[in-house]
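Let's take a walk through this fold together. Keep the viewer open and follow along, one stop at a time.

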Amino acid sequence: MATPLGLSSLFSSRLYTTTPSVFPIHRKEFNRRRIILVTAGGGGKPTILVAEKLGQAGIDLLKKHANVDCSYDLSVEELCTKISLCDALIVRSGTKVGRDVFESSRGRLKVVGRAGVGIDNVDLAAATEYGCLVVNAPTANTVAAAEHGIALLTAMARNVAQADASIKAGKWMRSKYVGVSLVGKTLAVLGFGKVGSEVARRARGLGMHVITHDPYAPADRARAIGVELVSFEVAISTADFISLHLPLTAATSKMLNDETFARMKRGVRIVNVARGGVIDEEALLRALDSGIVAQAALDVFTVEPPVKDNKLVLHESVTATPHLGASTMEAQEGVAVEIAEAVVGALRGELAATAVNAPMVPPEVLRELKPYVVLAEKLGRLAVQLVTGGSGVDAVKVTYASSRSPDDLDTRLLRAMVIKGLIEPISSVFINLVNSDYVAKQRGVKISEERMVLDGSPEDPIEYITVRIANVESRFASALSESGEIKVEGRVKQGVPSLTKVGLFGVDVSLEGSVILCRQVDQPGMIGKVGSILGDENVNVSFMSVGRIAPGKQAVMAIGVDEQPSKETLKKIGDISAIEEFVFLKL
């Protein structure tokens, strides 16, 4: 399976030495950016290969601008043979576009369009290495997926699938299939993006009380729909029904597991039309058998299609459908038009808001900015993990301190990486220089930038970067600035990104692995106590730093660790009497 484009791929020197720049930026020419127009050789129309069935409206749009080759069910060998004659490729989920495809294109393939949201079947790193833009169609399926979520919700509540199977088997079991009413019940929508918000609207129309958890949900949009923003803990512990609308990321993988099921209201009912991997399927099976979960309605699975004897699919309390969320005639046509527009626009050289891989940047710029780009992303990741409560992130301020003139330092790439750190861990969108501002705007996150002009040599592009998040509550009170914002600050020291300030406390810890922050009473032996606990649990400490207000007063200890400590280990640290609060932050 293809993996998301990481920073190592983004900054590989090989990435830029053999391929032309699609999005060239030169240090002295930031305001004269040019876009290369991609056309077929000889000045004719470009050629687009459509490798899986696409709605006719999309095909018609493509034919207005390109030569279209509709060839379905191609083997890998056949696809690799055809691709060297094509400027663009459009696929759905059934065609794997791996490195061999890009190698076979010999540099001619400029755009891959994925008709749908997920891009697991496209090797993003290889696409970027070979100078190929990847675009998707993330919005056209919204209504179809929301409607299917509501269909599963109501069918599950009234045992429609089970009763249908029973009566077709010649049985008449009215008393067995007594359902439950939706009116007055609490539905927790986990993930309040396009699909989640549409499900919430429809559930409100059914008379349900709707709550949601999503750190990026704009509070005004939730209020307008009549939905209450709550914490994850409140959402799962108070809901009668839970509907999942989360992308599958490292943060959301198996989010519903034995531990979270144990904190739910007994008899809860769960709907999943998002991604199968957000549920630990074995844990769900145990929860169903124990009665913690009364019923589940699943459109997606960790492995698709599931094996024939899958116990979860066969469970009498489970309603299952074969990934039908986007399967309406209207949605298929909408996806076809959306991906056709994105591919045609990309071939014209337009910047695609739905681009999912990184644009090309000259190697000399990347070599200089590389550690600062890493620093920017990790500061974003740290800052957003400090947010708690249900208010959502809506205002972020990034400050750059530099001795360089504005003409010699374009911060767009740095801003994009801050946004990447803030949003990408819990989003299905891959953030890059092309789409970062668009994605932030779509999620209601306002990014403002500030320059602090320093005296001194402009040899280093940036002295430090500060990220502030306003109007939110913090999991770690010491991370708040005097004005009440979450504040983290970092520098590059000898080429290594480092965290240098948390709130009002100065620290010094390399941004590698993960970080534990502790607020404590400043007294002797604290470093030794915490270090001993981590050492006893075989957790390697890479850095440790203490920042304090004054001797004997409060201090913040920042600890860099290579491995993620167990919950028991973190509890031992929290039980130290002098520690007033602590938080574990994953980088």
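Start at isoleucine 559, which sits in strand β23, residues 554-561. (Strands here are DSSP runs of E with at least two residues, helices are runs of H or I with at least four, and both are numbered from the N terminus.) Isoleucine 559 has a relative accessible area of 0%, so it is buried. On this scale buried means under 20% relative accessible area, exposed means over 50%, and partly exposed is in between, with a 1.4 Å probe and protein chains only. Not counting residues up to four places away in sequence, isoleucine 559 touches Val509, Ser514, Val515, Ile516, Cys518, Val530, Leu534, Val541, Phe543 and Met544. Touching, or contact, means heavy atoms within 4.5 Å. Take valine 515 from that list: 44 residues separate it from isoleucine 559 in sequence, yet their C-alpha atoms are 5.5 Å apart in space.

Before going on, a word on what you're looking at. This is a predicted model, in which local features need pLDDT of at least 70 and side-chain atom pairs count only at pLDDT 80 or more, while totals for chains, interfaces and linings use all residues. Residues are numbered from 1 along each chain as its sequence is written, and side-chain values use heavy atoms, with hydrogens and water left out.

Now zoom out. The protein chain has 20 helices and 24 strands. Of its 587 residues, 53% count as buried. If you take contacts between residues at least 6 apart in sequence, 68% of them join residues at least 24 apart.

Next, a helix pair. Two packed helices are described by the angle between their axes and the distance between the axes. How do α7 and α9 cross? The axes of α7 (residues 142-157) and α9 (residues 194-205) come within 8 Å and cross at roughly 50°. These axes are lines fitted to C-alpha atoms, for helices over the stretch in contact, and angles run from 0 to 180 degrees between N-to-C directions. The two helices are therefore oblique to each other; angles under 35 degrees count as roughly parallel, over 145 as roughly antiparallel, 65 to 115 as roughly perpendicular and the rest as oblique. On the α7 side you'll find Thr142, Val143, Ala145, Ala146, Glu147 and Ile150, and they meet Lys194, Val195, Glu198, Val199, Arg202 and Ala203 of α9. Sorted by class, this contact has 7 nonpolar, 1 polar and 4 charged residues. (Ala, Val, Leu, Ile, Met, Phe, Trp, Tyr, Cys and Pro count as nonpolar, Asp, Glu, Lys and Arg as charged, and the others, Gly among them, as polar.)

Glutamate 198 is buried at 18% relative accessible area, whereas arginine 201 is partly exposed at 44%.

A search of the whole structure finds 24 salt bridges. Another one joins arginine 381 and glutamate 377, at 3.2 Å from N to O. Both lie in helix α16 (residues 363-385), 4 residues apart, about one turn of the helix. Here glutamate 377 is buried, at 6% relative accessibility. Lysine 571 and aspartate 575 form a salt bridge too, at 3.0 Å from N to O. Lysine 571 is exposed at 54%, and aspartate 575 is exposed at 52%. Elsewhere, salt bridges that share partners tie Glu233, Glu259, Arg263 and Lys567 into one network.

Finally, some backbone details in the loops. A cis peptide bond joins glutamate 304 and proline 305, with omega at about -5°. Proline 305 lies in the loop between β11 (293-298) and α14 (311-314). Lysine 254 isn't a glycine, but its phi is positive, about 55°. Lysine 254 belongs to the loop between β9 (241-244) and α12 (258-262).

Technical notes. A salt bridge is a side-chain nitrogen of Lys or Arg within 4 Å of a carboxyl oxygen of Asp or Glu.
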